Amino acid sequence: ASALGAWACFGLCFRGSPCVFSTAAQQRSTGDECGPEDPHDEPKHPLSDCAIKHKAIKLEEQVRDLTERYRKALADSENVRRRTQKFVEDAKLFGIQSFCRDLVEVADILEKTAESAAEEAEPSNPNPTLKKIYEGLSLIEAKLQSVFAKHGLQKMNPVGGKYDPYDHEIVCHVPAEGMQPGTIALVTQDGYKLHGRTIRHALVGVAVESQE
């Protein structure tokens with residue numbers, strides 16, 4: 001009887017075991033689902049309105065600063081371009097300045113020689129050779145002045161005009177006879193300009209009031 005009771009108890013336990021195992025498995029499954037979540041999956045807290053506004057203000061300031069720097073860089077670049085262009089243009093215009101200074105001295109000698117020939121070739125002097133020399137020198141002088149004008153080199157004609165220290169150099173004073181004091185009465189050496197820039201000052205005499 002005891003043996004039969006033991007077998008009956010074992011049978012009951014065996015038949016009830018699937019239920020026990022199933023309940024344990026279900027508990028484990030439920031425990032896995034309801035267990036603690038992965039810390040990486042925790043929702044992040046959104047930024048507050050104040051923080052967002054502060055960040056937006058900072059970004060606007062950075063944009064304004066970068067925009068101002070960009071404008072300054074453009075302005076500097078444009079200034080450099082203009083200065084470079086002006087330098088190149090001046091180099092083209094005034095690159096022959098030193099050569100012109102030397103050449104006008106040759107023009108001075110030619111002019112004085114032509115004046116001397118003109119004095120010798122007066123009608124009272126029947127020498128035809130001097131007359132031809134004077135005519136030849138006059139043609140050369142006219143051609144030289146034409147070449148000067150072609151390249152922007154011009155002789156000043158200051159007689160009767162106001163004295164200008166940027167263009168003239170006073171070498172003497174003369175009585176103002178029929179001229180307003182301060183005006184240029186005579187020129188002892190011609191001045192020249194290259195494209196409007198004075199490369200040699202004219203040596204002049206300025207009229208002053210005569211003292212009695």
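Q189 stands opposite L203, a residue of strand 6. The structure described here is a predicted model. Strand 6 covers residues 202–208 and is joined to strand 3 by four bridges, with the two strands running antiparallel.

These strands belong to an open sheet of three strands, ordered 2-6-3 and mixed in its pairing. The edge positions are taken by strand 2 (168–175) and strand 3 (184–189); each has a single partner strand, so one side of each lacks a neighbour in the sheet. From one strand to the next, the twist averages 30°.

Helix 4 comprises 23 residues, 128–150. The distance from its first C-alpha to its last is 33 Å, close to the 33 Å expected at 1.5 Å a residue. Four residues of helix 4 are buried, namely L137, E141, L144 and F148. The packing partners of these buried residues are helix 3 (97–120), strand 1 (153–155) and strand 4 (192–194). After helix 4 comes G152, which has a positive phi, near 85°.

R200 lies in strand 5, which spans residues 197–200. Its relative accessibility is 13%, and R200 therefore counts as buried, the cut-off being under 20%. The R200 side chain reaches the backbone oxygen of D190 at 2.6 Å. Leaving aside residues up to four places away in sequence, R200 touches V104, E105 and D108, as well as M156, Q189, D190, G191 and Y192. Among these contacts, Q189 is the residue that stands opposite L203 in strand 6.

How values were computed:
Residues are numbered from 1 along each chain as its sequence is written. This is a predicted model: local features need pLDDT of at least 70, side-chain atom pairs count only at pLDDT 80 or more; totals for chains, interfaces and linings use all residues. Side-chain values use heavy atoms; hydrogens and water are left out. The expected span of a helix is 1.5 Å times one less than its number of residues. Buried means under 20% relative accessible area, exposed over 50%, partly exposed in between (1.4 Å probe, protein chains only). Contact means heavy atoms within 4.5 Å. A polar contact is a pair of N or O atoms within 3.5 Å; within protein, one must be able to donate a hydrogen and the other to accept it, and residues adjacent in sequence count only if both atoms are side-chain atoms. Two strands pair if DSSP finds at least two bridges between them. Axes are lines fitted to C-alpha atoms, for helices over the stretch in contact, and angles run from 0 to 180 degrees between N-to-C directions.
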